[in-house]
Amino acid sequence: MTPALAASLDDVVALYERWGGDNYDEEVSQLAHAEQTAAHAVEAEASDPLVAAALLHDVGHLLALDRGEDDRHQVTGPAWLAKLFPSTVTEPIALHVEAKRFLCAVAPDYHRGLSAGSVASLRRQGGFMSPDEAIAFAEIPRHDDAVLLRRWDDLGKVDGLAVAPFGSHLDLLARVIEAGEPRKRRPPKASNRKRSKRR
Ligand SMILES: [Fe+2]
């Protein structure tokens with residue numbers, strides 16, 4: 001049985017082994033969609049955490065299949081991964097649905113390029129962002145990673161496209177887990193702050 005929270009890489013692999021063969025949409029399986037999305041991230045020379053996010057971004061769909069419950073994958077997926085992976089992985093995943101709504105609002109032609117499945121889910125997800133919502137989204141840290149992830153997500157739906165398999169990313173996933181949270185930058189010292197204010 002899938003644990004309530006992923007506690008090891010084995011838990012993640014087991015979930016994809018169990019449900020990766022299910023349909024993501026009418027074109028590709030869950031596993032093929034994950035692999036293709038990750039392949040676009042690798043091609044773009046994304047950071048290790050962002051490649052991990054691309055590979056695992058729809059893990060919530062697999063959890064929904066496993067648990068037989070409603071699919072709020074942008075919430076359940078990152079929550080399931082949070083004990084194991086740093087926020088550099090979970091935050092872009094948590095934002096990738098909102099990134100679709102954002103791109104619909106700010107990027108001309110983006111909506112026209114969406115798959116039928118993405119258009120259908122967009123309605124359930126709240127549709128295009130309003131201008132105020134788009135401004136607020138653009139202020140969220142890592143929203144830019146989520147937008148990149150969303151673009152790769154949209155491209156990762158090609159029937160029969162052969163890319164690097166899920167297993168080839170296991171070393172990268174282990175590295176990302178091992179590295180953990182990135183160190184926070186220290187705020188500047190008070191004396192520096194004063195000096196920079198005077199400039
Ligand atoms: Fe996806």
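This report walks through the helices of one predicted model and a few of its residues.

## Ground rules

Residues are numbered from 1 along each chain as its sequence is written. The model is predicted, so local features need pLDDT of at least 70 and side-chain atom pairs count only at pLDDT 80 or more, while totals for chains, interfaces and linings use all residues.

## Overall build

The chain has 11 helices and zero strands. Helices (H or I, at least four residues) and strands (E, at least two) are DSSP runs, numbered from the N terminus. Read from the N terminus, the elements run α-α-α-α-α-α-α-α-α-α-α. The radius of gyration is 18 Å, close to the 16 Å that the globule rule gives for 199 residues, so the chain is as compact as a globular protein of that length. That radius is taken over C-alpha atoms, and the globule rule is 2.2 Å times the number of residues to the power 0.38. Along the principal axes, the C-alpha atoms fill a box of roughly 60 × 40 × 30 Å.

How much of the chain is buried? Of its 199 residues, 35% count as buried. A residue is buried if 20 or more other C-beta atoms lie within 10 Å of its own, exposed if 12 or fewer, and partly exposed in between; the C-beta atoms are placed from the backbone. Contacts also reach along the sequence. Among contacts between residues at least 6 apart in sequence, 68% join residues at least 24 apart. Two residues are in contact if their C-beta atoms, placed from the backbone, lie within 7 Å.

## Helix α9

Helix α9 covers residues 143–155. At 1.5 Å a residue, its 13 residues should span 18 Å, and its end C-alpha atoms are 19 Å apart, which agrees. The expected span is 1.5 Å times one less than the number of residues. Which residues of α9 are buried? They are Asp-145, Ala-146, Val-147, Leu-149, Arg-150, Arg-151, Trp-152 and Asp-153. The buried residues of α9 pack against α2 (30–43), α3 (48–56) and α6 (87–106).

Val-147 is buried, with 21 other C-beta atoms within 10 Å. Leaving out residues up to four places away in sequence, Val-147 touches Ala-99, Phe-102 and Leu-103. Asp-153 also lies in α9. Asp-153 is buried too, with 24 other C-beta atoms within 10 Å. With the neighbours up to four places away in sequence again left out, Asp-153 touches Thr-37, His-57 and His-96. Asp-153 and Ala-6 are 147 residues apart in sequence and 22 Å apart in space, C-alpha to C-alpha.

Helix α6 bends by about 50 degrees at His-96. The bend at a residue is the angle between axes fitted to the seven residues ending there and the seven starting there.

How do α6 and α9 pack, and at what angle? They pack at about 75 degrees, with their axes 7 Å apart. Axes are lines fitted to C-alpha atoms, for helices over the stretch in contact, and angles run from 0 to 180 degrees between N-to-C directions. The two helices are therefore roughly perpendicular to each other. On the α6 side, the contact includes Pro-92, Leu-95 and His-96. On the α9 side, it includes His-143, Asp-145 and Ala-146. Angles under 35 degrees count as roughly parallel, over 145 as roughly antiparallel, 65 to 115 as roughly perpendicular and the rest as oblique.

## Helices α4 and α5

The axes of α4 (residues 59–67) and α5 (residues 73–81) come within 7 Å and cross at roughly 95 degrees. That makes α4 roughly perpendicular to α5. Val-59, Gly-60, His-61, Leu-63 and Ala-64 in α4 meet His-73, Gln-74, Thr-76, Gly-77, Trp-80 and Leu-81 in α5.

## Loop residues

Ala-44 is in the loop between α2 and α3. Ala-44 counts as partly exposed, with 13 C-beta neighbours inside 10 Å. Glu-45 has its place in the loop between α2 and α3. Is Glu-45 buried or exposed? With 8 C-beta neighbours inside 10 Å, Glu-45 counts as exposed. Its phi is near 55 degrees, a positive value in a residue other than glycine.

Asp-109 is in the loop between α6 and α7 (116–125). Asp-109 has a positive phi of about 75 degrees, although it is not a glycine. Asp-109 is exposed, with 6 other C-beta atoms within 10 Å.
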